[in-house]
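Hi,

Here is the structure I promised to pass on. Have a look at it first, and then read my notes below.

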Amino acid sequence: MINPKLQTAINSQINQEYAASYSYLQMSAYFEAENLDGFAHWMYLQHQEEQVHGYKLITYLHDRGGKLELESIAKPKLNFDSTLDAFKMALSYEQENTLAINNLYALAKELNDYATQSHLQWFIDEQVEEEKSIEDIITVLEKIGDDVTAMLYLNDKLAARQAEGASE
Ligand code: FEO
């Protein structure tokens with residue numbers, strides 16, 4: 001049976017994953033409206049990945065005899081000043097998420113819950129990837145500036161993103 005403090009913290013993390021998923025879905029729609037279908041596709045896959053993360057935690061909670069308690073999700077930001085603005089916001093979500101995962105890990109450590117520490121290791125590694133992929137896009141967007149041709153080239157590149165595990 002999982003420690004009640006960890007159960008609460010995992011439920012909160014589940015909420016954070018689904019909140020990010022919700023925000024990325026809205027960002028995808030923003031790009032769709034801007035006729036940037038590659039960006040929309042990339043962000044839609046990001047939305048799906050967050051759902052997978054949330055569900056991984058739900059499964060784990062159940063495996064440990066814990067109880068899922070879904071919390072409400074705030075309305076996401078609907079509009080952005082630019083593509084760069086949206087990606088900067090996405091990066092801030094990921095940075096918050098990394099912090100939350102780290103705090104969860106610290107709690108598991110404090111409570112000597114080795115199974116939770118082991119399970120969270122996947123999330124810790126995943127966060128490195130998540131932050132890096134968004135930072136890389138931000139770096140390119142900053143170089144692109146107002147260059148429409150370069151922007152459309154990046155849009156095409158992002159359209160090629162595959163769902164995680166799709167090529168395995
Ligand atoms: Fe589930 Fe993007 O962290």
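Which side chain meets that of K88 in a salt bridge? That would be E142, with 3.9 Å from N to O. By salt bridge I mean a side-chain nitrogen of Lys or Arg within 4 Å of a carboxyl oxygen of Asp or Glu. K88 lies in helix α3 and E142 in helix α4, so this pair ties together parts that are 54 residues apart in sequence. K88 is partly exposed, with a relative accessible area of 43%, and E142 is partly exposed too, at 48%. (Buried is under 20% relative accessible area, exposed is over 50%, and partly exposed is in between, with a 1.4 Å probe and protein chains only.)

Before you go further: this is a predicted model, where local features need pLDDT of at least 70 and side-chain atom pairs count only at pLDDT 80 or more, while totals for chains, interfaces and linings use all residues. Residues are numbered from 1 along each chain as its sequence is written, and side-chain values use heavy atoms, with hydrogens and water left out.

Back to the charges. The structure holds five salt bridges. Another one of them joins E49 and R161, at 3.1 Å from N to O. Helices here are DSSP runs (H or I, at least four residues), numbered from the N terminus.

A pair within one helix turns up as well. D136 forms a salt bridge with K132, and their closest N and O atoms are 2.6 Å apart. The two are four residues apart in helix α4, which puts about one helical turn between them. D136 is partly exposed at 38% relative accessibility, as is K132 at 42%.

Now for the inside. A nonpolar core is a set of buried Ala, Val, Leu, Ile, Met, Phe, Trp, Tyr and Cys residues joined through side-chain atoms within 4.5 Å. The largest one has 24 residues, and those with the most contacts inside it are Y24, M27, F31, F39, M43, F87 and I134. Two or more residues come from each of α1 (4-33), α2 (37-63), α3 (83-110), α4 (114-144) and α5 (148-159). There is also a second, separate core of 14 residues, including L6, Y60, I101 and L120.

Leaving aside neighbours within four places in sequence, M43 is in contact (heavy atoms within 4.5 Å) with Y24, M27, S28, F31, F87 and A90.

Cheers
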